[in-house]
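Biologist: Could you walk me through a few local features here, giving the general idea before each case?
Modeller: Gladly; please have the sequence and the structure open beside you.

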Amino acid sequence: MFNLWSAGLVAVLAAKESQAALYHINARADDDSGPSESFVSFSIELSSFVDYAALRASWGNTQDYALYNASLKEDINGTHDPNKSKDYPTTIYIGDSFFESYNTWPGVKFSHGFNLAKGAYGNEPNNYPTSAQGPTRPKGWSARDFADGWLNGTRGINKQIRRHCPELADFGFMAPSYGDRVSNLNATQAWGYGLDKYDGVKWYSVHKALNHTRHQQYQAFQPIDTNKTSKSTKAPYYGSIGVAAAFGDLTTSSVSVSSIPMPSDQEAAYAIFERGNLKRLMVINMHRYNTTKDGAGTEPLPNPPGRMSRGFSFAARNLARDVSIREQRLMTNGSDAITGVTFDEWSYNWELDNGKPVRLDNVTTGETFRSKQGVITVMVPDSSAALLHLEQDGGGGS
């Protein structure tokens, strides 16, 4: 497999580099706030749940078109209507065996979506009056209507949960689960109309818009072969691997994260602390670098442009002047890559070992360098990221 890092990235960097900008950070956390244990998670369409199963969330547009059928022998039965959606079924029945999938992965927490569009609410309710899969609310449906329906529905769900599943009595709701293109359902108004009147909302959810014209741009994994695409690990999967590596084990250590202000919205950096001490730096270079025609990820450019590498320097107050840094790289041939992505030179390509991690044997890993006079400097190629582990004794200060 071709890997740009192992194929001479150093030579490329020497030809096209930017000067390192200096950023000042704290060696100790400003506060104890941090991500939840399930921060690194996945979301899938309910209609595909039995194909993925192990993922943490089961929701999406299809949750709002699914009905339970106790007599259904199979786990799910979906009917496709190409006039409504070419991507997934819009008439769905689920049977008892559908829920058996949860038992396969003990300890995994699920944020489950159910058919609430036909009742009162659900996934991105702001789209109900205009849904391309078929509107489920009139155009005049308001924030008050939404709040009234929400309160009516949650009362019913609470009653049934306490009756049939008392061990889950401390569950909570996620609301209002809007898409970020909201015009008809003002969230402030919905809250004002008593959305959390009964203190049942534990999470506030707003979905950031993605480019839905190509599923490849945000799908992490394709578990089965279809007439549109083959079974494969998608490029975004590696982003989750990188985030998990940056946070570490959230169940065993107190982790907090501080964003480091950057002058460009195409660059991002985060300081990760454990028990208040600076432990890692994640630097993300989102400047676009494409190597395929029209950025489609399929046809290579005959003469791709040189790849810029940008410098980032971090000076942390109270940090030891001489610190050993171990680096891990999220690398790919470019932002348009479909395959050939690696994190720390591990590949999760389906073709190698059915998606299991495979260490590539033709690359260099475990590289380290040292800070200079208390300053940590790293070069990050466009469309890549670097995770830096501070390996000094005693944590964040000296």
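Predicted model: local features only at pLDDT ≥ 70, side-chain atom pairs only at ≥ 80, totals over all residues.

Biologist: Is Thr-292 buried or exposed, and why?

Modeller: Buried means under 20% relative accessible area, and because Thr-292 has a relative accessibility of 10%, this residue counts as buried.

Biologist: Which residues does Thr-292 touch, leaving aside those up to four places away in sequence?

Modeller: Thr-292 touches Gly-297, Thr-298, Glu-299, Pro-300, Leu-301 and Asp-336, and with the side chain of Asp-336 the side chain of Thr-292 also makes a polar contact, at 2.5 Å.

Biologist: Does Asp-199 count as buried or exposed?

Modeller: The cut-off for exposed is over 50%, so Asp-199, at 65% relative accessibility, counts as exposed.

Biologist: Where does Ser-383 lie, and what is its phi near?

Modeller: Ser-383 lies in the loop between β21 (375-381) and β22 (384-390), and its phi is near 60°, again a positive value in a residue other than glycine. With a relative accessible area of 12%, Ser-383 is buried, whereas Asp-199 counts as exposed.

Notes
Residues numbered from 1 in each chain as written. Heavy atoms only, no water. Buried < 20%, exposed > 50% of the residue type's maximum accessible area, 1.4 Å probe, protein only. Polar contact = N/O pair within 3.5 Å; in protein donor to acceptor, adjacent residues only side chain to side chain. Contact = heavy atoms within 4.5 Å. Helix = DSSP H or I, 4+ residues; strand = E, 2+ residues; numbered from the N terminus.
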